[in-house]
Amino acid sequence: QGARKTMEKKVVVAVIGCGCIANAAHIPSYMNNPDVVIKYFCDIIPERAEAAVKQYGVGTAVTDYHEVLADVAEIAPKCEEWVNDPARLWRVKCPFNWWIFAAMGGVVFAAVAPFARRAWRSGASSSFCKSDQEIASPFGFPWWGWVGVAVMTVGWVIAWNRFECCRAIQRYPYVAQWAGFIVLVNALCVKRAGWCPLTDRTKSYLLLFPASSLFWWFFEYLNRYVWNWFYIGVPGIGPVEYVIFATVCFASVLPGVVAVAALLGTFKVFDEAAYAGMAKVDIRSGVSVVTLAGLTLIGLAGIVFFPQFAYPLLWISPLMGFVLVQVMFKEKCVLDVLADGNWGIVFRFAIAALVCGLVWETWNYYSLAKWIYNVPWAERFKVWEMPVMGFAGYLPFGMECAVIAAWIDERLIRRG
């Protein structure tokens, strides 16, 4: 009777899967939370569930998750508000804080200011819209660019409306929007410079699509620890259909960012000479290797054990880790140019990711199947669904896209 009264005052949890990750992260977190009580340990290997009961001194060991579901009528009323609104987790536990918001803004400003100053000088000293050849528009707009415009427009109209005739495909226009957008941006690149990744680096560019799916699934996995975004508008979709649908959608990330970066490269303001002579960073020096390793370990461990504080590192640690692997195996890395103080590619891909981010957030806002954000300590001043501070994550994300694209084919990140 006493145990039942205790449960009624707390969130009741059933741990399904009692392997290494559960024992290293999830179960200790629940045990240290005074508002949570574990009622079941479930695992298809009986010894694991029984070992968890013995180790933590709470709960009941079961091997069939249906036994847990049979008890859901009792558990659901206590926890359904958290299940149906994951954002509530951070909004309640980590509400908006002006001091933290200001500190985050200061870090972003300090990182962006040197680039903004050089971009302004570059744009003021030359025509912003001129390409490297300093000619207005010597090439025609390719016919297939209009196909991209049509596909993108149809997808956009379907996404932002609720036509009865389109009910069966209402949650799927994302694919059409981004397929059309990618084609359109490549066409604009041809219009301005006479080339684009899609037509001049076709095989390598097409490899970006499957690579992009794997790339973004990795971030989806990391998000399971920080819950900075979650999806709504996909009820009734089975796990197999969801994996297929999500994989196809995720395939657009790298091609989109690379295409926008190529287009930006046709503008004088993104001339890499404008960003030469900045701070020199040799990523292969001993100090850099230790820093890369430290940021990788601290970031990946932090988002598991201290997600409310370490979540910004979700966008930095994977980059540091991949670069570290390239350095350790003596592979060529796109960041090698930093040793000469040339930060042009960093700026170009950061802005490319930000541009794509604005497009993502715009189309997402009125869509049926969409994502919702929650940013600990900074959940205010939204642009569409994204808190304004969240856009800062696109800047290092652009560099991650550049590193992966260059690893596939270095020509994909060049300006021409």
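This note sets out numbered points on the predicted model shown above.

1. Basis of the model. The structure is a predicted model, in which local features need pLDDT of at least 70, side-chain atom pairs count only at pLDDT 80 or more, and totals for chains, interfaces and linings use all residues. Residues are numbered from 1 along each chain as its sequence is written, and side-chain values use heavy atoms, with hydrogens and water left out.

2. Confidence. The chain has a mean pLDDT (the predictor's confidence in each residue, from 0 to 100) of 88, and 88% of its residues reach 70 or more. Helices (H or I, at least four residues) and strands (E, at least two) are DSSP runs, numbered from the N terminus.

3. Segments for caution. Over residues 75–84, pLDDT stays under 50, and the model has 12 contacts beyond four places in sequence for this stretch; contact means heavy atoms within 4.5 Å. Residues 132–136 also stay under 50, with five such contacts. Where pLDDT is low, the predicted coordinates should not be read in detail.

4. Parallel sheet. An open sheet is formed by three strands in the order β1-β2-β3, with parallel pairing; two strands pair if DSSP finds at least two bridges between them. Its edge strands, β1 (11–16) and β3 (60–62), each pair on one side only. From one strand to the next, the twist averages 30 degrees. Strand β2 (residues 36–42) is joined to β3 by three bridges, and Phe-41 has Ala-61 as its bridge partner in β3.

5. Helices on this sheet. Helix α3 (residues 46–56) packs on the sheet and touches β2 and β3, its direction making about 170 degrees with that of β3. Helix α2 (residues 20–31) lies across β1 and β2 and runs at about 145 degrees to β2. Axes are lines fitted to C-alpha atoms, for helices over the stretch in contact, and angles run from 0 to 180 degrees between N-to-C directions.

6. Antiparallel pair. Four bridges pair strand β4 (residues 229–232) with β5 in the antiparallel sense; Trp-229 has Tyr-373 as its bridge partner in β5. From β5, Lys-370 and Ile-372 point one way and Trp-371 and Tyr-373 the other way, and all are buried (under 20% relative accessible area, with a 1.4 Å probe and protein chains only).

7. Asn-374. This residue lies in the loop between β5 (370–373) and β6 (382–383). Asn-374 counts as buried because its relative accessibility is 0%. The side chain of Asn-374 reaches the backbone oxygen of Trp-227 at 2.9 Å.

How values were computed
Buried < 20%, exposed > 50% of the residue type's maximum accessible area, 1.4 Å probe, protein only. Polar contact = N/O pair within 3.5 Å; in protein donor to acceptor, adjacent residues only side chain to side chain.
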